[in-house]
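Here is a short briefing on one model. Please look over the sequence and the structure first.

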Amino acid sequence: MDILVTGVTGFIGFHAALRLLEDGHSVIGVDSLNAYYDPKLKAARLAMLRQKVGFSFHRLDLADKGALEAALGDRPVSHILHLAAQAGVRYSLEDPHSYIRSNVMGHLNVLEYARHSKTVEHVVYASSSSVYGEREPGEGFKETDRVREPASLYAATKLSGEMLSESYARLYDIPQTGLRFFTVYGPWGRPDMAYWIFTQKILAGEPITLFAPDKMLRDFTYIDDIVDVFPTLLSTVPQGHKIYNLGNSDPNRLTDLVGAVETACGQDAQKIIKPQQLGDVCTTFADISAARADFGFDPKTDLKDGISTFVAWYKQWMRPE
Ligand SMILES: NC(=O)c1ccc[n+]([C@@H]2O[C@H](COP(=O)([O-])OP(=O)(O)OC[C@H]3O[C@@H](n4cnc5c(N)ncnc54)[C@H](O)[C@@H]3O)[C@@H](O)[C@H]2O)c1
């Protein structure tokens with residue numbers, strides 16, 4: 001496959017590209033390398049990708065109309081893995097416009113590229129568990145559940161991406177698969193996420209802040225469990241537009257996450273407790289029966305093991321002695 005991976009210097013894009021290159025596919029990566037978090041981390045991921053055979057890269061902003069077409073020219077692309085986005089729930093309160101640019105305009109421009117391409121067979125794109133909004137703890141969330149109450153602007157833009165994809169699948173017959181990721185974590189991860197911030201602070205002997213820890217349940221999902229399905233998923237072309245949950249389907253308390261980080265760091269955290277933050281939801285819990293049945297999604301990594309691998313990576317890469 002000749003695969004266009006957007007957001008390739010981001011956390012999931014980097015791992016996805018490595019996995020696809022390992023399988024012998026060619027990867028054309030694009031990314032704006034924006035400064036939402038330390039661009040040095042993105043540059044380090046890119047430097048690793050550049051060493052691989054079959055990888056090429058274009059720096060561009062997907063929100064710029066025609067940027068993809070200008071960069072790619074006639075190069076044949078058979079599959080698109082669209083992962084670029086302005087991520088993060090909390091930052092969407094601070095800079096809402098960047099979410100509309102990347103997640104709505106950027107998504108539209110990827111679809112327009114696919115619409116006018118003569119070679120694209122399948123577009124796979126990232127959505128998010130946040131589209132489910134605030135839900136009672138209990139059963140896993142199903143793709144068929146009603147999703148009409150996004151609790152943050154981030155969630156609203158990911159839901160908008162799903163709607164744009166639905167319309168393009170119907171209008172232009174572009175096969176598409178949307179993936180609702182549930183709190184993905186692991187080595188080379190995202191510095192704005194709780195597991196990273198807790199690790200950084202605990203190792204530095206600084207206090208950590210927990211927002212409503214007694215109420216928070218998250219379906220933490222290890223990166224390798226996600227990227228392992230990408231090769232099969234990309235080559236499984238659906239009829240029309242399909243959406244799948246990709247989560248661990250085994251939610252943990254926020255306090256379990258803190259415990260796992262404390263154990264892996266070998267240090268206890270000083271904790272500051274604060275109320276729930278605006279835009280946050282209390283529970284995420286994926287029902288993954290559809291992904292399991294259709295392409296064999298089978299997450300295996302429990303939180304303690306995954307966090308232990310992350311902390312070992314963090315110590316090696318972010319705090320070299
Ligand atoms: N990591 C998670 O837990 C999680 C959960 C749910 C959904 N997602 C979704 O998965 C995808 C990947 O997330 P991630 O965790 O790797 O985030 P990330 O921030 O590490 O990666 C996103 C990448 O997209 C790039 N980008 C942003 N806007 C762009 C634009 N307009 N043009 C070109 N590049 C642009 C950024 O520079 C970044 O490198 C995103 O769509 C995100 O919304 C992630």
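Which of the 27 residues around the ligand come nearest? They are G7, G10, A85, S102 and A126. This is a predicted model, in which local features need pLDDT of at least 70, side-chain atom pairs count only at pLDDT 80 or more, and totals for chains, interfaces and linings use all residues. Residues are numbered from 1 along each chain as its sequence is written.

**Ligand shell**

- A residue counts as near a molecule or strand if its C-beta atom, placed from the backbone, lies within 6 Å of it.
- Helix 1 (11-22), helix 5 (96-116) and strand 5 (122-128) each give the shell around the ligand at least two residues.
- Helix 1 supplies the largest share, three residues.
- Helices (H or I, at least four residues) and strands (E, at least two) are DSSP runs, numbered from the N terminus.
- By class, the shell holds twelve nonpolar, eleven polar and four charged residues.
- Ala, Val, Leu, Ile, Met, Phe, Trp, Tyr, Cys and Pro count as nonpolar, Asp, Glu, Lys and Arg as charged, and the others, Gly among them, as polar.

- Seven strands form an open sheet in the order 3-2-1-4-5-6-11, with parallel pairing.
- Strand 3 (55-59) and strand 11 (241-246) are the edge strands, and each pairs on one side only.
- Neighbouring strands of this sheet are turned by 20° against each other on average, direction ignored.
- Two strands pair if DSSP finds at least two bridges between them.
- Strand 5 and strand 6 (residues 176-181) pair in the parallel sense over six bridges.
- S128 has F181 in strand 6 as its bridge partner.

**Helices on the sheet**

- Helix 2 (residues 39-50) lies across strand 2 (26-31) and strand 3, and runs at about 145° to strand 3.
- Helix 6 (residues 153-172) lies across strand 5, strand 6 and strand 11, and runs at about 155° to strand 5.
- Axes are lines fitted to C-alpha atoms, for helices over the stretch in contact, and angles run from 0 to 180 degrees between N-to-C directions.
- Two residues are in contact if their C-beta atoms, placed from the backbone, lie within 7 Å.

**Helix 5 with helix 6**

- The two helices pack at an angle of about 15°, with their axes 10 Å apart.
- Helix 5 and helix 6 are therefore roughly parallel to each other.
- Angles under 35 degrees count as roughly parallel, over 145 as roughly antiparallel, 65 to 115 as roughly perpendicular and the rest as oblique.
- Helix 5 passes helix 6 in a right-handed crossing.
- A crossing is right-handed if the near helix is turned clockwise from the far one by less than a right angle, and left-handed if anticlockwise.
- The helix 5 side of the contact includes P96, Y99 and R115, while the helix 6 side includes L153, Y154 and Y172.
- This contact divides into eleven nonpolar, six polar and two charged residues.

**Helix 10 with its partners**

- The axes of helix 10 (residues 254-265) and helix 12 (residues 303-317) come within 9 Å and cross at roughly 45°.
- Helix 10 is therefore oblique to helix 12.
- Their crossing is right-handed.
- D256, L257, A260, V261, A264 and C265 of helix 10 make the contact with L303, K304, I307, S308 and V311 of helix 12.
- Eight of these residues are nonpolar, one is polar and two are charged.
- The axes of helix 7 (residues 194-203) and helix 10 come within 10 Å and cross at roughly 40°.
- Helix 7 is therefore oblique to helix 10.
- Helix 7 passes helix 10 in a right-handed crossing.
- In helix 7, A194, Y195, F198, T199, I202 and L203 meet L257, V258, V261, E262 and C265 of helix 10.
- Nine residues of this contact are nonpolar, one is polar and one is charged.
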